[in-house]
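User: I would like to learn how to read a model like this one, feature by feature. Where do we begin?

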Amino acid sequence: MKWLGKLIKGFFRAIYSVIDKIIVTPISRIIYKFSEYLKAHNLTLDYILNRPNFMIYVSLILAVIVFVFIDSRVINLVESEAEVLSDIPVKVNYNEEAYVVEGIPETVDITLIGRKSDIYLAKQIGTNAVILDLSNYEARDSAYKVYLSYTKSIDSINYKLDPSYVSVTIKEKVSVTKMIDYDLVNESYLNERLSVESVELSNNEVVVKGSQDAIDKIASVKALIDLKNDVLKDAGTYEVDNINVVAYDSKGRILEGIEIVPKTLSATLTLDTYSKSVPIKVLTTGNLVTGKAIASILINNENSKSVTIYGDQESINSITNVPVTINVDGSGGNATKAYNVTINRPSGVRAISEKKATITITFGDEKQKEVDITNVISHRNLSSNLTANIVGTSSNVNAIVKGVQSVIDSITSENITAYLDLEGYGVGEYDVPVKIENDDPKLNYVVGTTVKVRITNASTTS
């Protein structure tokens, strides 16, 4: 208790210092100067004090001074006032092993009411602990109305809590075992040419505890592996510790009020570099000037150009090319035109060996020829329970191929992919337009006819 005595002693010393500086010293100076004045005018203090009206004047002056001091609240140590302590944590007493409590506020506000000196002491020596005591409560479906309590350190202080009570629901705690998966977070911080080859968690299962309602909402439990780690710089195998484990609901939101044992895991993380060389594929938008076609396309002055893409093996294995689109609208008047393009990464690619390229296009006069495509027409997007057959074809189906002469000379029906898009068609006979799949910007195809298609149920026999 020595520190309490020192604190009180220091407090009264501070009060004495203030009174000495504001009241005692100024009054002493006034009395001294007044005494000197009297001596200079051959007046004595007894003479003045014996004057009939002197004490009346002095009393009046002192009364006015005291009134002003009190009215202006200069002397306010004995006045009552209030002060708010915000965001005070709530301590809850209950059986954490057996119950789950819902509706507990994290913090409350305390309003302290009393003399300023008492409030000051309460703030200095008080613990300001707010208690929610649920030790004698049991689980039930309906909510309890429970009052919060504040441990006062100074008896003369009054207080108000906001909120003063809470409605809490106490439920039985249940525990289940859940399989655990993982998610990679901050993957953008990983070296672009690295990808995660494998992850081996230290646990395949965790124990999840909570109310039955909360347990029923769990859709998945995952370990969040943070790839924002300066250690993960090169290909290799790493041990990662302190991996947080969270539970998600069916909408991908993290569930609160769920206890997971263990809270953190470790994992063995293997990083590797997967790469693949794929060609750049030039696509065009817009229309050339009438009578012109693309004769050749050079990429960085080469007929074909490949780039190396990096990413996880599954993603890049399905990528066959990297598309680059240029706008040729209104072009063709000049013999050649160069385009500086940016090579964008396809979805699933983490890095690409080159990000810029120069596409040089040569233009020429457009020619055309007809190609018989009758025997190469297929169909797509037909429901699996239906069958389609082309009927009533009395003449050949021809496609007009347009391009410069040197390009269209090599085009035959074997180079053309013609098809009927039967998405949404049901049983019956339909006139369906013929479409041609074209991924060569040097060519244009025109098919001016439709074909009749009979669609039947797949189980129907002819």
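Analyst: Begin with pairing. Two strands pair if DSSP finds at least two bridges between them. Keep in mind that this is a predicted model. Here Asn-340 stands opposite Thr-358 in E23.

User: How many bridges join E21 and strand E23?

Analyst: Seven bridges, and the pairing is antiparallel. Strand E23 covers residues 356-365.

User: What is the strand order in the open sheet of three strands?

Analyst: The order is E18-E23-E21, with antiparallel pairing. Strands E18 (292-299) and E21 (336-342) are the edges, and each pairs on one side only. On average, neighbouring strands of this sheet are turned by 30° against each other, direction ignored.

User: How many helices and strands does the protein have?

Analyst: Seven helices and 32 strands. For contacts with a separation of 6 or more, 75% are between residues 24 or more positions apart.

User: Which residues is Thr-169 in contact with, leaving aside its neighbours within four places in sequence?

Analyst: Val-100, Val-101 and Glu-102 are among them.

User: What share of the residues in the protein is buried?

Analyst: Buried residues make up 30% of the 462. The protein exposes about 29,000 Å², and carbon and sulfur atoms supply 48% of that area.

User: How should I read a nonpolar core?

Analyst: Start with the general idea. In soluble globular proteins, nonpolar side chains tend to be buried together. In this model, the largest nonpolar core has 28 residues. Those with the most contacts inside this core are Ile-180, Ile-218, Val-221, Ile-258, Leu-269 and Leu-271.

User: Which elements each supply at least two residues of this core?

Analyst: Strands E11 (195-201), E12 (205-210), E13 (220-226), E14 (236-248) and E16 (264-272) do, as does helix H5 (212-216). E14 gives the most, with five residues.

User: Take Ile-258. What is this residue in contact with, its neighbours within four places in sequence left aside?

Analyst: Val-208, Lys-209, Ala-214, Ile-215, Ile-218 and Ala-247. Ile-218 is also listed among the residues with the most contacts inside the core.

User: How many residues are in the second, separate core?

Analyst: That core has 26 residues, including Leu-382, Ile-408, Ile-411 and Leu-420.

Technical notes. Residues are numbered from 1 along each chain as its sequence is written. This is a predicted model: local features need pLDDT of at least 70, side-chain atom pairs count only at pLDDT 80 or more; totals for chains, interfaces and linings use all residues. Side-chain values use heavy atoms; hydrogens and water are left out. Contact means heavy atoms within 4.5 Å. Helices (H or I, at least four residues) and strands (E, at least two) are DSSP runs, numbered from the N terminus. Buried means under 20% relative accessible area, exposed over 50%, partly exposed in between (1.4 Å probe, protein chains only). Accessible areas come from the Shrake-Rupley method with a 1.4 Å probe; for residues, only the protein chains shown count as cover. Axes are lines fitted to C-alpha atoms, for helices over the stretch in contact, and angles run from 0 to 180 degrees between N-to-C directions. A nonpolar core is a set of buried Ala, Val, Leu, Ile, Met, Phe, Trp, Tyr and Cys residues joined through side-chain atoms within 4.5 Å.
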